[in-house]
Structure formats: C-alpha cells, structure tokens
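Subject: Structure for you to look at

Hi,

Here is the structure I said I would pass on. Please open it next to this message.

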Amino acid sequence: MSAQVTSDHRRTKTAESTQIVSATTDASMMQALLARRAAAKQDQGLAATLQLDDQLEDLGLAADDRLTCYSCQSWADHAHDPFTGRRVSFAPANDEIAVPA
Ligand SMILES: [Zn+2]
C-alpha cells in the first residue's frame with residue numbers, strides 16, 4: 001500500500017489577524033490598533049485607516065477621535081449637521097477665510 005503524501009503546504013499570510021487575536025485586553029488591543037492606525041494614515045491611506053477606525057470604535061474609541069468619517073468613508077476633515085446630516089466643512093483658520101467675490 002502506498003500512501004501518497006503531498007508536501008504542498010502553503011501558508012496563507014495571517015500575521016495581521018493573529019496579532020489582533022493574541023492581544024489579551026481591550027486596552028492593549030486598542031493601543032496596538034492606535035499605533036497601526038497612525039502608521040496606516042501615513043503609509044497605507046484612507047481604506048486602511050477607515051478599517052482601523054471601525055475596529056477602534058468597536059473597542060470604545062469615541063466617534064470624535066476617529067481620523068475618518070464613518071458616514072462618508074472619507075477623511076474626517078468635516079462634521080455633519082446633527083439635524084440634517086449634511087456635511088459641514090470646518091472653518092479655516094482666520095487668516096485663510098475666503099471672502100466670496
Ligand atoms: Zn462625513
């Protein structure tokens with residue numbers, strides 16, 4: 001009898017998810033995610049930062065502390081009118097206020 005053994009072990013890259021699961025407490029998990037978010041903002045861009053913001057919010061991050069906007073899936077450089085939900089840009093610094101012609 002010939003047992004056929006294949007040695008075709010292919011490992012999928014699961015470093016990221018392993019890292020998350022092995023964090024023992026929410027606090028240390030949050031610290032790790034905050035660090036990853038800072039790096040993501042710098043290197044990986046919006047999509048990665050959005051994902052990390054979502055995970056952080058699930059762990060208790062205040063919505064105000066997000067770097068991205070959940071509603072529009074973009075950078076959090078604006079606010080939403082609480083009544084209409086409309087997007088409102090933050091006022092620019094005093095010396096940058098554009099005067100309409
Ligand atoms: Zn928004």
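Below is what I found in it, starting with the whole chain.

This is a predicted model: local features need pLDDT of at least 70, side-chain atom pairs count only at pLDDT 80 or more, and totals for chains, interfaces and linings use all residues. Residues are numbered from 1 along each chain as its sequence is written.

**Whole chain**

The chain has 3 helices and 4 strands. Both are DSSP runs, numbered from the N terminus: helices are H or I with at least four residues, strands are E with at least two. Along the sequence the pattern reads α-α-α-β-β-β-β. Of the 101 residues, 10% count as buried. Buried here means that 20 or more other C-beta atoms lie within 10 Å of the residue's own; exposed means 12 or fewer, and partly exposed is in between, with C-beta atoms placed from the backbone. Among contacts in the chain with a separation of 6 or more, 16% join residues 24 or more positions apart. A contact means two C-beta atoms, placed from the backbone, within 7 Å.

**Helix 2**

Helix 2 covers residues 26–43 and has 18 residues. At 1.5 Å a residue it should span 26 Å, and its end C-alpha atoms are 25 Å apart, which agrees. The expected span is 1.5 Å times one less than the number of residues.

Which residues of helix 2 are buried? They are L33, R36, R37 and A40. These four cover an arc of only 110° around the axis, which puts them on the same side of helix 2. The arc is taken over the directions from the helix axis to the C-beta atoms. An α-helix has 3.6 residues a turn, so residues three or four places apart point the same way. The face turned away from the buried side carries the exposed residues A27, S28, Q31, A35 and Q42. Helix 3 (46–58) is part of what covers the buried residues of helix 2. Just after helix 2, G45 takes a positive phi of about 95°.

**Helix 2 against helix 3**

The two helices pack at an angle of about 160°, with their axes 9 Å apart. Axes are lines fitted to C-alpha atoms, for helices over the stretch in contact, and angles run from 0 to 180 degrees between N-to-C directions. Helix 2 and helix 3 are therefore roughly antiparallel. That word applies to angles over 145 degrees; under 35 is roughly parallel, 65 to 115 roughly perpendicular, and the rest oblique. On the helix 2 side, the contact is made by M30, L33, L34, R36, R37, A40 and K41. On the helix 3 side, it is made by A48, T49, L52, D53, Q55 and L56.

T49 sits in helix 3. T49 is buried, with 23 other C-beta atoms within 10 Å. Leaving out residues up to four places away in sequence, T49 touches R37, A40, K41, L67 and T68. T49 and A38 are 11 residues apart in sequence and 8.1 Å apart in space, C-alpha to C-alpha.

Q55 is also in helix 3. With 16 C-beta neighbours inside 10 Å, Q55 counts as partly exposed. Q55 and L34 are 21 residues apart in sequence and 9.9 Å apart in space, C-alpha to C-alpha.

Q73 lies in the loop between strand 1 (68–69) and strand 2 (74–75). Q73 is exposed, with 10 other C-beta atoms within 10 Å. Its phi is near 55°, a positive value in a residue other than glycine.

Best wishes
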